[in-house]
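Please work through the exercises below with the sequence and the three-dimensional view side by side. Try each task before reading its solution.

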Amino acid sequence: MPQVQVDPNEDTEFHDALRAHGIIPPKPPSRSPSPELPRESEQRHRARLQATVEDLDEELETADDDEERILQQIRQQRMRELAAASSKARFGRVYPISRPDYTREVTEASKEPGNLSETDEARKGTGVVCFLYNSGMETCRLVSGFLDTLAAKHPSTKFVSIVGNQCIPNYPDHNLPTLLIYRNGELRRQIIGLRPEIGLDGMNTKMQDIELLLTAVGAIDPPQRGQSGAPTQEKKLSDEENDDEKSSEIRGQEYDDDDDLDWD
């Protein structure tokens, strides 16, 4: 009896019955064409995310309505990124100043908008650290090295330096090193000497001690609010404000504000 040739790929009820009884193999799954991924579009979008503002502006000149909306969003994001980067990298080193520069480089500079939200009253403006020193003193040389490193690490804070008795006539060396902390146009703290009551220890002071202290008094913007250790240091300074010796001895007398430090 001649055998009938059956095409296993045909799709009829007869073939379905043969497949059900195992006479012919199951119908191979149909291969529908896979949708093409918009690879070119994805690559173009990634390229736009890395493009400069100038490149985006060139694309905007010939973009249609849909592309213009996307390009404008990317451009706005890029502008925000550039503004944030520029704000954070404004300084980065210790700037020597002279007495006539004080108001402009310290008081006025501290009024410039900072990186944190303007709703943060304690940290409005820019942190400025003014370092009064005598290069012949070991403690001043120690702090000077620390500030060079901290200025590079925290470029959103401005660090300046000036010889103590050039900044304030007859300023006593025993008050050095002195750090004057400004923010938002105000003198916030005076750190006089490397004293244990404010968490420092003379020539045994470490850079981390200075960094923690500057963070606690608001000169350095912390990476996270509630940074570990800062509240303790802040409390030490708050307690010290109640002591008679908290007021600095400028020209042999006490002073409570920075009027004698701001020159026209």
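Predicted model: local features only at pLDDT ≥ 70, side-chain atom pairs only at ≥ 80, totals over all residues.

Residues are numbered from 1 along each chain as its sequence is written, and side-chain values use heavy atoms, with hydrogens and water left out.

**Exercise 1. Describe the surroundings of strand β2 and name the strands joined to it.**

Step 1. Locate β2 at residues 128-133, bearing in mind that helices (H or I, at least four residues) and strands (E, at least two) are DSSP runs numbered from the N terminus. Five of the six residues of β2 are buried, where buried means under 20% relative accessible area, with a 1.4 Å probe and protein chains only.

Step 2. Look for pairing, which requires that DSSP finds at least two bridges between two strands. Strand β3 (residues 158-163) runs parallel to β2 and is joined to it by six bridges, with V129 standing opposite F159. Strand β4 (residues 178-183) runs antiparallel to β2, and five bridges join the two; here V128 has Y182 as its bridge partner.

**Exercise 2. Find the aromatic pairs and classify two of them.**

Step 1. Rings of Phe, Tyr and Trp (its six-membered ring) pair if their centres lie within 6.5 Å; planes under 30 degrees apart count as stacked, over 60 as edge-to-face and the rest as tilted. A search of the whole structure gives three such pairs.

Step 2. The ring centres of F91 and Y95 lie 6.4 Å apart with planes at 85°, so this pair is edge-to-face. The pair of Y102 and Y182 is also edge-to-face, at 6.0 Å centre to centre and 70° between the planes.

Step 3. Y102 is buried at a relative accessible area of 0%, and Y182 is buried with a value of 0%.

**Exercise 3. Where in the chain is confidence lowest, and where is it highest?**

Step 1. The pLDDT, the predictor's confidence in each residue from 0 to 100, has a mean of 77 over the chain, and 69% of the residues reach 70 or more.

Step 2. Confidence is lowest in strand β7 (residues 253-254), at a mean of 34, and highest in β2, at 98.

Terms used
Buried < 20%, exposed > 50% of the residue type's maximum accessible area, 1.4 Å probe, protein only.
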